[in-house]
Amino acid sequence: MKNLYLILSIAVLPIVTVKAQDIYAPVLQQVEEGSTRLAALRDVMEAEKLSSKTGLAPSDPVVDGGYLFGSPSTIGVRKDLSIRQELDFPTVYSQRSKLAELKSAGAGYQYAQERMELMLDAKRLCIEIIYHNALGRQYDARLERAERINETFRRKLESGEANQLEFNKASLNLSQVRQKRSRLIAEREALLAELRRLTGNPTLDFTADTYPAVLLPADFETWLEEASSKYPVLQYLRNEVEAASREVSLAKASSLPKLSVGYMGEYVVGQTFQGVTFGISIPLWENRRRVRHADAVRSATERVVDDATQAYTSRLRVLFSQVGAVQAALAEFENSLAESRSNDLLYKAFEKGEIPLLDYLLEQEFWQEAYEEKLQEERDLHLLLAELEACKL
């Protein structure tokens, strides 16, 4: 039950149809091969699989011996030897073996879930870096224009064609662009450092600045049915229910009598007694209430799984609707930006003297804010989609 609640604390997310994910594949491959966290998770999984297979064999045989001195001494010495092997009822071994297989499978599902979460973290970092790369490309161009404008007004100020106020505006614009660009670079480096840690590659760079095309299925119910059969956490939950049921069967089988068989020999002077021994245990106290306890655990597990499944479905619906909302907002931003003048067009209009410096700076700032919001919506969309396709990682 403890492991069950632990696995439920991990976010439950499904799949989506997505095209052209190759930009993430090289990074995720490096996570697969170089992550120390993933290597540790693999070791834990193997250890748990080995643990699940312990205790399947019969108990160890018991050997007893005795060397007894006679009294009076004339009767000699008596020597005793017994070898005894205790055996559970045959159905116990069958139930234990099946339960071990379920526990081994559960360890595999837990590893798959935790691996998926690690891969999702890496993909989220890639998505954030793409956003910073795209915004950084825009700020590089903006910085270049700000430097040219500042230099132009410096020369005009020296020649008397511009006043100090206009030069101050150009200088302030340059300072603001430099500051924002520096902050953006620092944020990108922090994200890249975390990505390098996950991959184990200290020289990794990720330079993509556009997202791959995506296609979200229109029918939620059909998509949900497909996703629920592939998600590791759901496989784990179903496995836990089956394991709990198997525990009940094992408890019932363990309530049956145990058998013992062995050899016994008694050796005294001039006499030898030896032969086969048999025994049977009477199940009165040892397994008392064990079946009831196992049945209670099974019932509790089924309720937890049912609750988790409902929470999972609800989470999917929310994410699915969020994707639709973000897609609509993104389409609106793209249409608005397409109809407005870009930074390049604004700069050309300014160079030709069609708009004054102040109007150019205000228009540029307005357009830049809209463009950054569009990039943010694009990033948010792909972060949601990354969660939705997590089980494909």
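I count a contact when heavy atoms lie within 4.5 Å. The model is predicted.

Entry 1, the helix pair. I looked up α3 (residues 36–52) against α4 (residues 90–159). Their axes come within 8 Å and cross at roughly 170°. An angle over 145 degrees counts as roughly antiparallel, and α3 and α4 are therefore roughly antiparallel to each other. Next I listed who meets whom. From α3 I noted Arg37, Leu38, Leu41, Arg42, Met45, Glu48, Lys49 and Ser52. Facing them in α4, I found residues including Ala100, Lys103, Ala107, Tyr111, Glu114, Arg115, Leu118 and Met119. The residues of this α3–α4 contact divide into 8 nonpolar, 4 polar and 7 charged.

Entry 2, the sheet. I traced an open sheet of 4 strands, ordered β1-β2-β3-β4, with antiparallel pairing. Which strands stand at the edges? They are β1 (62–69) and β4 (271–280). Each has a single partner strand, so one side of each is left without a neighbour in the sheet. From one strand to the next, the twist averages 10°. I then followed β1 to its partner β2 (residues 77–87): the two pair in the antiparallel sense over 8 bridges. I also checked tyrosine 67, whose bridge partner in β2 is lysine 79.

I took the second largest pocket, with a volume of about 150 Å³. Its lining is Lys169, Leu172, Asn173, Gln176, Leu358, Leu361, Leu362 and Glu365. The elements giving two or more residues to this lining are α5 (164–199) and α10 (357–388). I sorted the lining residues into 4 nonpolar, 2 polar and 2 charged.

Key:
Residues numbered from 1 in each chain as written. Predicted model: local features only at pLDDT ≥ 70, side-chain atom pairs only at ≥ 80, totals over all residues. Heavy atoms only, no water. 1 Å grid on protein atoms, 1.4 Å probe; cavity = no way out; pocket = protein on both sides within 12 Å on 5 of 7 lines; lining within 4 Å. Points joined across faces, edges and corners; volume = space filled by probe spheres on them. Nonpolar A, V, L, I, M, F, W, Y, C, P; charged D, E, K, R; others polar. Pairing = 2+ DSSP bridges. Axes fitted to C-alpha atoms, helices over the stretch in contact; angles between N-to-C directions. Parallel < 35°, antiparallel > 145°, perpendicular 65-115°, else oblique.
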